[in-house]
Amino acid sequence: MLRLLSFALLLAIWWIAALFVGAAKLPSPPAVLDVVVAEASSGALFLHLGATLARVSFAFVLAMSLGSAIGYLMGRVKLADRLGDPWLILLLNLPALVVIVLAYIWAGLTEAAAIAAIAINKLPTAIVTLREGARTLDRSLDEMASVFAMPRWRAFRHVVLPQLAPYIAASARSGLSLVWKIVLVAELLGRPNGVGFEIGVAFQLFDTPRLLAYSLTFAAVVLVIETALVQPFEARATRWRPRAA
């Protein structure tokens with residue numbers, strides 16, 4: 001109910017602001033809704049949303065897989081941490097725009113370049129989070145696994161992974177919010193489809209209703225994924241932790 005109330009308040013503020021600012025700069029909610037319906041009816045909305053979601057999915061899985069493995073290695077092996085730390089600092093401070101532009105220059109305006117650029121921008125945050133998680137692993141549990149002669153994979157599955165689960169969930173949630181933003185920039189600069197591409201076209205035409213239609217539809221999809229998938233996964237990953245009274 002609180003979310004619905006917050007949404008209704010936002011809608012009311014938007015509608016009132018549209019009356020004062022004017023339709024040219026801020027179209028009213030019905031005007032934007034008309035564009036959403038028209039784009040959905042033509043199939044263009046679903047085509048561009050699908051293209052964006054596909055890029056997000058591939059880049060997110062790639063970044064989380066590599067970032068989790070590298071972060072775990074850096075957290076457990078001091079030599080790997082010392083060797084990788086300068087590169088990690090570089091990637092953390094390298095602007096996303098530079099990575100995207102360089103990827104397009106070196107690999108061309110291809111789908112692989114776009115996905116790689118998005119994944120590289122997400123990669124360092126995953127590494128940092130998982131490295132901290134690996135550093136906090138309970139050594140006594142490792143000793144217990146050794147005493148009971150647990151196979152390495154079984155020990156990782158039942159001893160290490162449950163301890164890392166909250167860090168994986170935190171990395172996934174923060175990283176997904178980052179990927180949502182970067183994918184639009186990548187599409188705006190070098191892809192022929194996607195929500196970012198449509199936002200760029202709307203900007204060039206000064207078509208504010210179309211720009212808001214695609215932006216708000218994309219935001220609605222992000223909200224649904226966050227509520228239906230990310231939050232339940234985070235709650236499940238941290239369910240073993242004691243809750244504050």
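Student: Which residues do ring pairs link into a cluster?
Tutor: Ring pairs join Tyr72, Trp153 and Phe156 into a cluster. Keep in mind that this is a predicted model.

Student: Noted. How many aromatic pairs are there?
Tutor: The count comes to four aromatic pairs. Tyr72 and Phe156 form one that is edge-to-face, 5.6 Å centre to centre with 80° between the planes. That pair links distant parts of the chain, with Tyr72 in helix α3 and Phe156 in helix α8 (residues 152-190), 84 residues apart.

Student: And how accessible are Tyr72 and Phe156?
Tutor: Tyr72 has 23% relative accessibility, so it counts as partly exposed. Phe156 is partly exposed too, at 24%.

Student: What about Trp180 and Phe218, why is that pair edge-to-face?
Tutor: Because the planes of the Trp180 and Phe218 rings are at 80°, with the centres 5.5 Å apart. Planes over 60 degrees apart count as edge-to-face. Here Trp180 in helix α8 is linked with Phe218 in helix α10, 38 residues apart.

Student: Are Trp180 and Phe218 buried or exposed?
Tutor: Both Trp180 and Phe218 are buried.

Student: OK, switching to charges. How many salt bridges does a search of the whole structure find?
Tutor: It finds ten salt bridges. One of them joins Glu111 and Arg55, where the closest N and O atoms are 2.3 Å apart. Glu111 is in helix α6 (residues 111-135) and Arg55 in helix α3, so to speak distant parts of the chain, 56 residues apart.

Student: Where do Glu111 and Arg55 stand on burial?
Tutor: Arg55 is buried, with a relative accessible area of 3%. Glu111 counts as partly exposed, at 32% relative accessibility.

Student: Which residues are linked in a network of salt bridges?
Tutor: The network links Asp81, Asp85, Arg131, Glu132 and Arg135. Within it, Arg135 forms a salt bridge with Asp81, and their closest N and O atoms are 2.8 Å apart. This pair also links distant parts of the chain: Arg135 is in helix α6 and Asp81 in helix α4 (residues 78-93), 54 residues apart.

Student: How about accessibility for Arg135 and Asp81?
Tutor: Arg135 is partly exposed, with a relative accessible area of 39%. Asp81 has 16%, so it is buried; the cut-off for buried is under 20%.

Student: Now Glu198. Which residue does Glu198 form a salt bridge with?
Tutor: Its partner is Arg210, with the closest N and O atoms 2.4 Å apart. Glu198 lies in helix α9 and Arg210 in helix α10 (residues 208-237), so the bridge ties together parts that are twelve residues apart in sequence. Both Glu198 and Arg210 are buried.

Student: Last topic, helix packing. At roughly what angle do the axes of α3 and α9 cross?
Tutor: Roughly 125°, and the axes of α3 (residues 44-76) and α9 (residues 195-204) come within 7 Å.

Methods
Residues are numbered from 1 along each chain as its sequence is written. This is a predicted model: local features need pLDDT of at least 70, side-chain atom pairs count only at pLDDT 80 or more; totals for chains, interfaces and linings use all residues. Side-chain values use heavy atoms; hydrogens and water are left out. Axes are lines fitted to C-alpha atoms, for helices over the stretch in contact, and angles run from 0 to 180 degrees between N-to-C directions. Helices (H or I, at least four residues) and strands (E, at least two) are DSSP runs, numbered from the N terminus. A salt bridge is a side-chain nitrogen of Lys or Arg within 4 Å of a carboxyl oxygen of Asp or Glu. Buried means under 20% relative accessible area, exposed over 50%, partly exposed in between (1.4 Å probe, protein chains only). Rings of Phe, Tyr and Trp (its six-membered ring) pair if their centres lie within 6.5 Å; planes under 30 degrees apart count as stacked, over 60 as edge-to-face and the rest as tilted.
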